[in-house]
Amino acid sequence: MSSKQTPAQGAGVGVRGRDSGTLERFENPGLHPHKPRQADINASAAKRAERQAVTLFAISALASVGAVVGYFMIPLDQTVASVRLSNLTLGVGLGLGMLGFGLAAVHWAKTLMSDVERIDERHDQRGSDETRAEAVQLLKDGAADSGIARRPLLKGAVVGALALAPLPFIVPLVGNLGGDWDVSKLRHTAWRKGRRLAIDPTDTPIRAADVTVGSIFSVMPEGLSEEEHYLEEKAKAVVVLVRVDPRELDENAEHADWAYDGILAFSKICTHVGCPVALYEQQTHHLLCPCHQSTFDVTDGAKVVFGPAKRPLPQLPIAVDDEGYLVAQGDFDEPVGPSFWERLK
Amino acid sequence: MKALAASRRHRLAPVLLVLLALLATGVVYSMIAPAPKAVAEAANADDIATGEALFVANCATCHGINAQGGPAGPSLIGVGAAAVDFQVSSGRMPMSSNGPQAPVKPPQFTGEQTAALAAYVASLGPGPSIPTEEMVDPTLGNAAAGMELFRTNCGQCHNAVGAGGALSEGKYAPSLMDTPPSEIYEAMLTGPQSMPVFNDANITPEEKRDVIAYLVAQREPAAGGLTLGGLGPVSEGLWVWVVGIGLLIGSAIWLGAKSS
């Protein structure tokens, strides 16, 4: 509705015709005729509505009292059942207490309180010209009084102090986002030449002979839990170890010497967005990522066979030491996990 | 005693002594090498024969007449009694039709028949055997240690509380909420179907029992009330969006409606 036409009660309302551009006028239908409710004309209906509201209030009161009584009466021994009962009593009591009160208040208002329609006319949002002029004058007087136009040094000081005031919040906030900005840490993991592969979380070293065909081991570098920044290092260094029938592998593959007799170790961190890739279908030799269903074929260098990941999982070159334990031949030859801006520099 | 002393020079005394010595040796032998084993072995031979008959009638179509495997089913030589007990007592085998995965269904064989089949397959080659009651008793396991192991090794497929989850192309990791402890143990040991093997070097027998204790503990009602299947944001989101927002819309309509 255009602002030029301010329809008053009972006046015609303008609607622009679809094709002619002329205004069609029709009468403002006004409000529907008032219909009295059952409670207005029937004393017993009013009584019933009152009873209903009172009942709802009573339910609310009883539920509130019940919750408090339950809090004191139900003993919390160390069993799950007692915690469950206590929580249930408190929750049901609190919920019914609020719900009963709300329902009763609304029911009361709808059935018993006055429901006569009335019109509040909207007043102009624009102030009167006098008020507006007065407000402008007040601002001007204030500016003149402060002398900000005459004292440029003060003006600069105010602006400077205001601009600096948020920095104590913003600088730590941004600074703590990344911890530090040294992305070279993303290129290296805790794997070193000769470091043993150990079972996560027990830190038991793994003998090559113990890895049966069809198994999967969750692996971390041996002794990592003793080191500084253990969780950060573990987050980069986690590996899944699988053993397949060596006949399934291509002997002439580029990194055939990174495996040991069908035992293969791959980074557990998806190259898409870094979820732990550990769903292993031992019959198809596929590793699945739980987040976006990227699928990697472990017999083919963990190449992506399905899903949004773009790169194969990095392979950890492994060998066996003198005592028959699996060791790393070195670190991964590429950064593990998802891509980052400086990855290829 | 005089008569006994006098008769020790009797010419039959050495014979009697030898007989007594033989008897004593026999008694001692029977105590060192207990008789039940001999009985069990005898029963085993029967079991193996029964098992072979059952195998030929019910399994050989896919697994081959000598369990050597074929185009439709893998070789069973060396899979052990544990694999047979898992597959047959959970009803997965015999499969009713070819598909991505053998589903759990009512077992097709009695306990005795399953044991006979297991004995036959175990006789074909050494493999993992059926765990004892004590090895799978959840009350003897440490549920907290089991949780750590489960979430490292099993939760990615079976969900953090063992509610199960989807794999690729119609395969899935089943829910473990109703799986008997012995089947959980056998599944870890043998790696059925898509599941990898978790041998005793990877998860020791005690640790397997811890995992069982953790899974059995998940069957208790949760302290927080309804778990909605333990599926995380999927079922919780459905509940909030459909039931929660539906109730809010209903309340808004009721608030706005005039009383009659």
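**Exercises on a predicted two-chain model**

Trp239(B) sits in helix H11 (residues 233-256) of chain B; helices are DSSP runs (H or I) of at least four residues and strands are runs (E) of at least two, numbered from the N terminus. This is a predicted model, in which local features need pLDDT of at least 70 and side-chain atom pairs count only at pLDDT 80 or more. Residues are numbered from 1 along each chain as its sequence is written.

**Exercise 1.** Classify Trp239(B) as buried, partly exposed or exposed.

*Solution.* Step 1: buried means under 20% relative accessible area, exposed over 50%, and partly exposed in between (1.4 Å probe, protein chains only). Step 2: Trp239(B) has 46% relative accessibility, so it counts as partly exposed.

**Exercise 2.** State how strand E7 (residues 263-267) of chain A is enclosed, and where its side chains point.

*Solution.* Step 1: five of the five residues of E7(A) are buried, so the strand is largely enclosed by the rest of the structure. Step 2: Leu264(A) and Phe266(A) point one way, while Ile263(A), Ala265(A) and Ser267(A) point the other way. Step 3: in a regular strand, side chains alternate between the two faces of the sheet.

**Exercise 3.** Identify the pairing between E7(A) and strand E6 (residues 239-243) of chain A.

*Solution.* Step 1: two strands pair if DSSP finds at least two bridges between them. Step 2: E6(A) and E7(A) are antiparallel, with five bridges. Step 3: Arg243(A) is opposite Ile263(A) of E7(A).

**Exercise 4.** Describe the make-up of chain B.

*Solution.* Step 1: chain B contains 11 helices and two strands. Step 2: buried residues account for 33% of its 260 residues. Step 3: its C-alpha atoms fill a box of roughly 125 × 50 × 40 Å along the principal axes.

Key
Chains are lettered from A and ligands numbered from 1 in the order in which they are written. Side-chain values use heavy atoms; hydrogens and water are left out.
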